[in-house]
Amino acid sequence: MTVHWCGTGLSSVPGLRRLIHDRQSVTVWNRTVEKARKAVGDLIDDIRVFDPAALAGAVKPGDVVVSMLPGDWHVQLAQMAIDRGAHFVSSSYIAPEMRALDSAAKMAGVALVNEVGLDPGIDHLMAHHLVADYRKSAAYDAENIISFKSYCGGVPKVANAFRYKFSWAPVGVLKALRSPSKSIRHYTELEVKRPWDAITRYDAPLPQPEAFEVYPNRDSLPFMADYRFEPTWQVKEFVRGTLRLNGWSDAWADIFSEVGTASDDRLAEMAAELLEQNAYGPDEPDRVVLCVDLLAEKDGRPVWHKTYVMDAWGDARGTAMARLVSVPVSLAIEAVLNREIPAGVSPAPHDPRLVERWLEEVQTLAQHLMVVDHLS
């Protein structure tokens with residue numbers, strides 16, 4: 001079986017190189033062949049110009065098509081994979097159009113696996129671990145009050161005045177600031193039109209405790225079911241969100257005032273200015289912080305409270321972001337080839353064996369990874 005890896009951008013290379021090192025049969029497809037050769041040409045010769053028709057002609061039943069391309073390619077490539085009897089893997093969120101392929105994928109007996117990068121991806125694994133741990137604990141009680149928080153962010157390892165740095169064009173970051181979110185706060189659904197209207201403080205239980213600014217993103221509510229929350233649980237807080245360095249909201253105040261109404265042309269201008277002023281330098285380390293927190297309370301006091309916390313930064317292996325996005329993708333590909341993930345559309349797996357195996361691999365990618373028990 002062949003892995004058809006499409007896209008060799010900044011967050012693709014470590015996982016791709018891992019697959020090739022592990023002697024998987026890999027064909028690399030990229031819009032710029034020279035860029036792909038620079039990334040993996042020392043390991044592999046089968047590098048081709050990305051062309052959907054050529055890709056479709058090369059894919060055989062049982063192969064795996066991997067999309068590390070922009071999100072608007074995912075559904076098209078997933079449909080092509082179904083048509084060819086092949087599997088599909090991406091790190092991106094499951095769009096409604098992707099979910100609509102579930103029945104066809106099951107009929108074809110192929111897996112369409114998504115949300116297996118960093119966020120979404122590693123955060124899901126941490127959530128599955130914590131919920132399973134809580135369920136089997138002596139403290140478990142269906143009447144407990146539950147609070148869940150999951151915050152992830154890529155930030156500069158060495159803080160700058162802007163409190164953020166860019167590895168690529170910032171247009172996507174600016175557009176994300178226009179996105180509404182849904183979460184639960186104080187037992188009530190909270191809908192926020194703009195992130196800066198819901199910025200709060202989060203104290204991360206790192207070896208050296210550190211405070212960050214956080215805000216909800218996207219729609220958190222569907223993930224309660226995905227994380228196996230019972231419909232009868234009393235949920236006080238449930239939020240999945242973004243983490244930023246302290247002082248970020250002040251540093252970005254002028255951007256907030258303009259981004260909500262800016263035209264696409266103006267957004268492009270802003271992005272160019274920001275990239276020029278706040279881009280990572282050569283070999284400058286990035287940093288990724290991820291905290292997933294589950295708290296159960298009874299009669300007003302905590303009875304179970306743990307946080308899965310990760311801190312990672314760029315080193316001689318490259319950027320933390322690239323490792324943490326692409327290596328989990330490679331783990332998903334291996335699981336698909338080993339028939340460990342069922343047919344149909346799915347996010348990061350719930351299977352405890354896969355969860356723990358993948359988190360063990362994450363341990364090698366991050367400089368700090370542990371579960372903090374706040375009540376021990």
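Helix α4 is followed by G85, a residue whose phi is positive, near 70°. Helices here are DSSP runs of H or I with at least four residues, strands are runs of E with at least two, and both are numbered from the N terminus. Within α4, which spans residues 74-83, the residues H74, L77, A78, M80, A81 and I82 are buried; buried means a relative accessible area under 20%, exposed means over 50%, and partly exposed lies in between, with a 1.4 Å probe and protein chains only.

The structure is predicted, and local features need pLDDT of at least 70, side-chain atom pairs count only at pLDDT 80 or more, while totals for chains, interfaces and linings use all residues. Residues are numbered from 1 along each chain as its sequence is written, and side-chain values use heavy atoms, with hydrogens and water left out.

A105 has its place in α6 and is buried, with a relative accessible area of 0%. The C-alpha atoms of A105 and I82 are 6.0 Å apart, although 23 residues separate the two in sequence. Not counting residues up to four places away in sequence, A105 touches I82, V110, L112, A343 and G344, where contact means heavy atoms within 4.5 Å. G109 counts as partly exposed at 42% relative accessibility. Its touching residues, again leaving out those up to four places away in sequence, are H87 and A343. G109 and G344 are 235 residues apart along the chain, yet their C-alpha atoms are separated by 7.4 Å.

S92 sits in the loop between β5 (87-90) and α5 (96-99) and is partly exposed, with a relative accessible area of 24%. Aside from neighbours within four places in sequence, S92 is in contact with H74, N114, E115 and P120. D299, by contrast, is 207 residues from S92 in sequence and 40 Å from it in space, C-alpha to C-alpha.

Two helix pairs come next. Two packed helices are described by the angle between their axes and the distance between the axes. Helix α1 (residues 13-21) packs with helix α13 (residues 320-337) at an angle of about 40°, the axes being 6 Å apart; axes are lines fitted to C-alpha atoms, for helices over the stretch in contact, and angles run from 0 to 180 degrees between N-to-C directions. The helices α1 and α13 are therefore oblique to each other, given that angles under 35 degrees count as roughly parallel, over 145 as roughly antiparallel, 65 to 115 as roughly perpendicular and the rest as oblique. On the α1 side, V13, P14, G15, R18 and L19 meet A322, R323, S326, V327, S330, L331, I333 and E334 of α13. By class, this contact has 7 nonpolar, 3 polar and 3 charged residues (nonpolar: Ala, Val, Leu, Ile, Met, Phe, Trp, Tyr, Cys and Pro; charged: Asp, Glu, Lys and Arg; polar: the others, Gly among them).

The axes of helix α7 (residues 122-135) and helix α14 (residues 352-365) come within 10 Å and cross at roughly 125°. This pair, α7 and α14, is therefore oblique as well. I122, L125, M126, H128 and H129 in α7 meet V355, E356, W358, L359 and V362 in α14. Sorted by class, the contact of α7 with α14 has 7 nonpolar, 2 polar and 1 charged residues.

A search of the whole structure finds 24 aromatic pairs; rings of Phe, Tyr and Trp (its six-membered ring) pair if their centres lie within 6.5 Å, and planes under 30 degrees apart count as stacked, over 60 as edge-to-face and the rest as tilted. The rings of Y151 and Y202 have centres 5.3 Å apart and planes at 55°, so this pair is tilted. Y151 lies in strand β7 (residues 145-156) and Y202 in strand β10 (residues 200-204), so the pair ties together parts that are 51 residues apart in sequence. Y151 counts as buried at 7% relative accessibility, and Y202 counts as buried at 8%.
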